[in-house]
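Visitor: I have just started learning about proteins, and I would like to explore one with you. Could you take my questions one at a time?

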Amino acid sequence: MCQNENRRYKDIERSIVKKFRKPIWRKFTKAINEYELIKDGDKIAVCISGGKDSMLMAKLFQELHRHGIKNFEVKFLVMNPGYNDLNYQVILNNAKLMNIPITVFKTDIFDTVADIPNNPCYLCARMRRGYLYSKAKELGCNKIALGHHYDDVIETILMGMLYGGQIQTMMPKLHSTNFEGMELIRPLYLIREEDIIHWKDYNDLKFIACACRMTEELARNKASSSQNESLISKRAEVKRIIHSIALKDPIIEKNIFRSVENVNLNTVIAYKQDGVKHHFLDDY
């Protein structure tokens with residue numbers, strides 16, 4: 001690594017614990033402690049998609065090691081689901097620039113979901129997670145870490161209510177149902193997306209976005225706005241809704257997040273636990 005590259009990644013690391021200590025570093029360590037995301041002897045596959053969130057997460061784990069927290073091991077795992085050459089090279093270049101020692105493996109997920117007419121994004125996400133669990137287990141890991149942040153959480157809560165007719169959240173950690181002994185953790189759980197973007201821009205970093213073929217097609221597609229609108233995800237729509245109401249009252253975002261921490265079962269018509277539905281009339 002040349003001297004300029006060496007200085008660059010050190011500046012990126014320094015920014016995390018200096019300039020972004022309060023909005024990023026402290027919230028990262030708070031989530032780890034509050035939700036007990038790391039335990040002695042863990043071997044964690046830090047899953048890097050190539051976007052801003054997962055790349056920051058990788059640096060945060062490296063920083064945790066540098067601060068003397070060495071009771072766990074990490075593998076920085078990159079899955080190539082079928083990126084075009086340009087996007088794939090961006091990931092490799094960023095990993096080198098940021099001094100992240102990645103393990104890369106290839107799948108054909110993009111080819112598999114390319115012709116799926118209904119909800120290909122859902123299938124793609126499920127397949128990605130399955131491949132990540134499988135590779136992580138092969139590498140001897142007992143956990144995978146994903147880069148979902150605070151804004152992903154509140155969007156999930158509102159999406160569940162508006163489109164699913166249910167109250168649920170994106171959990172900070174959960175046991176895998178298909179891979180025995182494996183867990184999923186979300187260390188960026190308390191970090192705001194705007195702070196991640198600020199960190200990215202401050203360090204003049206360029207990352208890939210979704211990079212799937214549907215996203216690329218939308219970028220090229222010059223059809224009418226009504227045609228394009230049908231392809232825009234519900235999550236993007238919910239993101240706009242939250243942004244709009246938060247402009248009037250910023251506390252709303254925090255209230256959405258807290259709503260699933262303050263569920264009063266005495267005022268709920270029905271709820272499910274372990275697949276069993278309970279109704280208020282059962283004990284009325």
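Visitor: Between which two elements does the loop with Glu36 lie?
Guide: This is a predicted model, so please take every value here as computed from it. One of the two elements is a helix that covers residues 21-34, and the other is a strand that covers 43-48. Glu36 sits in the loop between α2 and β1.

Visitor: What is phi of Glu36 near?
Guide: Glu36 is a residue other than glycine, and its phi is positive. Its relative accessible area is 48%, so Glu36 is partly exposed. The phi of Glu36 is near 50 degrees.

Visitor: Which loop is the place of Asn99, a residue with positive phi?
Guide: Asn99 is also not a glycine, and its phi is near 60 degrees. With a relative accessible area of 30%, Asn99 counts as partly exposed. Its place is the loop between α4 (85-97) and β3 (102-106).

Visitor: How do the residues of the contact of α2 with α3 divide by class?
Guide: On the α2 side, the contact is made by Ile24, Trp25, Phe28, Thr29 and Ile32. On the α3 side, Leu56, Leu60, Phe61, Glu63 and Leu64 take part. The residues divide into eight nonpolar, one polar and one charged.

Visitor: How far apart in space are Arg26 and Leu190?
Guide: Arg26 belongs to helix α2, and at 49% relative accessibility it counts as partly exposed. In sequence, Arg26 and Leu190 are 164 residues apart. In space, their C-alpha atoms are separated by 9.5 Å.

Visitor: Now to α7. How far apart are its end C-alpha atoms?
Guide: Helix α7 has 15 residues, and at 1.5 Å a residue it should span 21 Å. The distance in the model agrees with that expectation. The end C-alpha atoms of α7 are 20 Å apart.

Visitor: Which helices do the buried residues of α7 pack against?
Guide: The buried residues of α7 include Tyr150, Val153, Ile154, Ile157 and Leu158. Asp151, Asp152 and Glu155 are also among them. These buried residues pack against α8, α11 and α12.

Visitor: At what angle do α7 and α12 pack?
Guide: Two packed helices are described by the angle between their axes and the distance between the axes. For α7 and α12, the axes are 9 Å apart, and α7 passes α12 in a left-handed crossing. The helices are roughly perpendicular to each other, and their angle is about 70 degrees.

Visitor: Which residues of α12 meet α7?
Guide: From α7, the residues that take part are Tyr150, Val153, Ile154 and Ile157. By class, this contact of α7 with α12 has six nonpolar, one polar and two charged residues. The α12 residues are Glu253, Lys254, Ile256, Phe257 and Ser259.

Visitor: How many charged residues does the contact of α7 with α11 have?
Guide: The axes of α7 and α11 come within 9 Å and cross at roughly 105 degrees, which makes α7 roughly perpendicular to α11. Asp152, Glu155 and Leu158 are among the α7 residues that meet α11, where Lys234, Arg235 and Val238 are among the partners. By class, the contact has eight nonpolar residues, one polar residue and six charged residues.

Visitor: Is Val238 buried or exposed?
Guide: Val238 is found in helix α11. Leaving aside neighbours within four places in sequence, it is in contact with Glu155, Leu158, Met159, Leu162 and Tyr163. Buried means under 20% relative accessible area. Val238 has 0%, so it is buried.

Visitor: And for the protein as a whole, what percentage of the residues count as buried?
Guide: The secondary structure comes to twelve helices and eight strands. Among contacts with a separation of 6 or more, residues 24 or more positions apart account for 75%. Of the 284 residues of the protein, the buried share is 41%.

Conventions:
Residues are numbered from 1 along each chain as its sequence is written. This is a predicted model: local features need pLDDT of at least 70, side-chain atom pairs count only at pLDDT 80 or more; totals for chains, interfaces and linings use all residues. Side-chain values use heavy atoms; hydrogens and water are left out. Axes are lines fitted to C-alpha atoms, for helices over the stretch in contact, and angles run from 0 to 180 degrees between N-to-C directions. Helices (H or I, at least four residues) and strands (E, at least two) are DSSP runs, numbered from the N terminus. Angles under 35 degrees count as roughly parallel, over 145 as roughly antiparallel, 65 to 115 as roughly perpendicular and the rest as oblique. A crossing is left-handed if the near helix is turned anticlockwise from the far one by less than a right angle, and right-handed if clockwise. Contact means heavy atoms within 4.5 Å. Ala, Val, Leu, Ile, Met, Phe, Trp, Tyr, Cys and Pro count as nonpolar, Asp, Glu, Lys and Arg as charged, and the others, Gly among them, as polar. The expected span of a helix is 1.5 Å times one less than its number of residues. Buried means under 20% relative accessible area, exposed over 50%, partly exposed in between (1.4 Å probe, protein chains only).
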